[in-house]
Every structure is written in structure tokens, then in C-alpha cells.
Amino acid sequence: MDSNLLKVFVEVAKEKSITKAAINLNFAQSNITSRIKQLEKSLGLILFYRVPKGVTLTKEGEKLYPYALEIVKRIEIANSEMKNMNQQTHLIIGSTESNASVRIIPFLSQIHKDFPNISLELITDTTKEITKKLLEYKVDIAFVSGEPKNEDFMILNKIDEIITVVESKDNLYPNVFLSFKNGCAYNEFGQNYLKQFLDENYKVLEFGNYETILGCIKIGMGKSILPLSIIKKLNYEKDLHITKLSKDIANLPTCMICRVDNLPKIKKYLEDYKF
């Protein structure tokens, strides 16, 4: 069954007029009549009765109409989707909790403003888990801590972070390292740093919230290693003793990455985005 004939059939049925259908489809009236006859011949059925003010559907035409309408609509949708394949319609973003705390809201707001037709989805977790989700195609882009070594990934954008050792101003902390949960890049780096540079054994306490970590440090429960951006965002900069680490020791930028075989359609926009 020819979908082009069905499109003509649907238009005539809606307008109840061959003349109006011809105008809507920008066809000659004789062309519309010819196509209806062609469809009727292929089906072996009469689909329209001629009436004084136009045409009306036969019982067979009424039965065909909902099927024809669905076919025509599905073809229109398919054509639209194929024409817009180069446009981003949905973007799933993975982000570390640290990045989400600091800069994800203005980022999402700006994308929404610049691309109002893109639907956005945000998933937050540790660098380890977000990286895993990107490998499994569960997110389109990901914000992770540190530059990835995996050749399957491409860095779209990079934000330099100032990494700091954060302690209580009273220096009453025990040998306790406070950190975000396992899988966090700052957790892994911090524990390695304490062993390598301070040569001390630390009890590790893991939390799922940076506000809690900073609050515990403030009252002297322990120390942590965190980017300065989080400390400033949560307004703890004046409450804590902060020691900045050199990039030679701590180079952990926040990187926006994607898979090399699944580049976002708005790749250029993401590369040029100013954080």
C-alpha cells in the first residue's frame, strides 16, 4: 500500500472535498482524483461517495481511515526525526558531587537557555561511578575529577582546580582523614598524599555530603583534601585553615569528557563553554 496514496486519502477524508485537498497538498484536482482511484483499484474497494457538497467516506473508507491516519502520522514523525538527526534533542549529564555543588546549576541553566528544545537529565555520583556510566553509554557527557587515561574518552573542556589540605583552625584534629565516599578521586588522592608526603597513618571516615565533611573539620574531627572551589561555594573559607598544594603535587582538574565514538551534537558549544 502506497503511503503517498494514503496521505491523499487522509486529506480528502478530513476535508470531505477533493478541491480543498488539492489546495492543501498543492496538487491539481485531477491528480487527487487519479490517486484516489488508484488507491481504490489497489484495494478493490470504493472509499468515497460523491455528494452535492463534496465527498463522504463509505463504510470501507471509514474502516481504512484510522489506519491510514496512523501510517501517515508515523511517516511524518520518522521524516522529522531523520531530518533532525544532527540536532541534540536529549542530553544526559553525569557529574561528580563536587562539580554539581559548585557549577552544575548555571551550566544547566545556560544550556536550557541556549537550546530550549533539548531535554536535560543529570546523574551525580563519584568519579569512578560516573566514568563507568560513560563507558556503558548511560550518560552522554561526564564531569570527572582528574584527566582520564582511557583512550575511549575525549576531553571536551577542563576546569583547573586548586587542591587544598583543609584543617581546623584550632589544630586539635586527631589523625583522621575525612572524605567523600569511596570512588571519589579526592578520597583516593588524599589517602595517597598522606601516606607519601606525611608518612602518617590516618583513620578514614567517609561521608556522602561535603557540607558534613567541612562541618566536621571545623569542629576538629580531622582533616581533608578538597578543591578550594567547594570550600568557597559552601562558605567555609574563613572558618578553616587551608593549605594550597602545588600543581606539581596535586593536579586534579575537573574535566568534561565524552566517548570518542559518541560525540554530542553540541560538541563545539561544550568545548567553547566558559566556566
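Analyst: Start with Glu76 and Lys73, whose side chains meet in a salt bridge at 3.8 Å, N to O. This is a predicted model. Both residues sit in helix 4 (residues 59–83), 3 residues apart, about one turn of the helix. Glu76 has 40% relative accessibility and counts as partly exposed. Lys73 is partly exposed too, with a relative accessible area of 44%.

Next comes Lys181 with Asp125. Their side chains form a salt bridge at 3.9 Å, N to O. This pair links distant parts of the chain, 56 residues apart. Lys181 lies in the loop between strand 8 (176–180) and helix 8 (185–198), while Asp125 belongs to strand 4 (residues 119–125). Asp125 has a relative accessible area of 16%, so it is buried, the cut-off being under 20%. Lys181 is partly exposed, at 36%.

Lys268 reaches 55% relative accessibility, so it counts as exposed, the cut-off being over 50%. Asp272 is partly exposed, with a relative accessible area of 40%.

Now the wider setting. The count comes to 13 salt bridges. The protein chain carries 38 positive and 34 negative side chains, and the centres of the two sets lie 8 Å apart. Buried residues make up 43% of the 275 residues. The chain has 11 helices and 12 strands. Its C-alpha trace spans about 95 × 35 × 30 Å along the principal axes.

Notes. Residues numbered from 1 in each chain as written. Predicted model: local features only at pLDDT ≥ 70, side-chain atom pairs only at ≥ 80, totals over all residues. Heavy atoms only, no water. Helix = DSSP H or I, 4+ residues; strand = E, 2+ residues; numbered from the N terminus. Buried < 20%, exposed > 50% of the residue type's maximum accessible area, 1.4 Å probe, protein only. Lys, Arg positive; Asp, Glu negative; His and termini not counted. Charge placed at Lys NZ, Arg CZ, Asp CG, Glu CD. Salt bridge = Lys/Arg side-chain N within 4 Å of Asp/Glu carboxyl O.
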